[in-house]
Amino acid sequence: YIQTGGNVFIIGTSESQNLNLKGDFDMSGGTLTRGGTAGPTSIATVIFSGTTEQAFIKSGGTISNAVNFTVNNNAIVNFDTYVLSGSTGTFTLSSGGKIITANSNGLDPATGAIQITSSLNSNADYEFRGTNTGNFTTTPSNGVRDLIINNTDVAGEVSLDRALTVNRNLVLTAGLLTTTTNLLTLGTAATASAPSVTSFVNGPLAKTGNTAFTFPVGKAGEGFRTIGITAPSGIATFR
């Protein structure tokens, strides 16, 4: 979807009209809005439903009225540094979906990548290439499925701005994950990738379960200093 100008109306006579998108969303001008004869409560939804990574690019233009955005199960949408704003609709990250952001405020609802009413599923994946994860809330719990830290900037640091539980995989690709203020917890079934010189958890880390585990922790400026536990005799949380 490429829009450089003009007015585009998602129209219809029913209460719900969908635009299923399997490629990128690229808007640099014009207006995208809801139209038709369904009345003021009608909505339109742009659904990301591709099988490969899709880009959300909004360098200009306006999104107005109740236009929803949904990332389907198995869809991956890269927002880079762009911001979804203007719509009175909602943003939904479905179970099994994935969002990528390089916004310096992560997913903070006021200043981050998604600045419309959002519903973020705890069984979805979140990749941060910017500096903060933001104070976002996942439903139904304060958890995520996968958390990927991939900040290749010179500073190379992502700050956890809220306490968070990872339920499947903590992936340390590039950059530090600083948890000195907000605790990161790995759930009973969660795993973590091995640390590297440039990517580890800088600060506290907790692990719940009854299996042996190596904590990929360290200290900024000093490097990673892993520490491990043998399998506990029962479910326990080590920090």
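Predicted model: local features only at pLDDT ≥ 70, side-chain atom pairs only at ≥ 80, totals over all residues.
Modeller: Local features need pLDDT of at least 70, side-chain atom pairs count only at pLDDT 80 or more, and totals for chains, interfaces and linings use all residues. Residues are numbered from 1 along each chain as its sequence is written, and side-chain values use heavy atoms, with hydrogens and water left out.

Biologist: How many salt bridges does the structure hold?

Modeller: Five.

Biologist: Why is the pair Glu127 and Lys98 called a salt bridge?

Modeller: The term needs a side-chain nitrogen of Lys or Arg within 4 Å of a carboxyl oxygen of Asp or Glu. Here N to O is 3.0 Å, so the pair qualifies.

Biologist: What does the pair tie together?

Modeller: Glu127 lies in strand β12 (residues 125–128) and Lys98 in strand β10 (residues 98–101), so parts 29 residues apart in sequence are joined. Strands are DSSP runs of E, at least two residues, numbered from the N terminus.

Biologist: What makes Arg145 and Asp125 a salt bridge?

Modeller: Their closest N and O atoms are 2.8 Å apart. That is within the cut-off of 4 Å, so the term applies.

Biologist: Why is Arg145 called buried?

Modeller: Buried means under 20% relative accessible area, exposed over 50%, partly exposed in between (1.4 Å probe, protein chains only). Arg145 has 17%, so it is buried. Asp125, at 7%, also counts as buried.

Biologist: Which residues form a network of salt bridges?

Modeller: Asp125, Arg145, Asp146 and Arg168 are linked in one. Within it, Asp125 meets Arg168 at 3.7 Å, N to O.

Definitions and conventions. Helix = DSSP H or I, 4+ residues; strand = E, 2+ residues; numbered from the N terminus.
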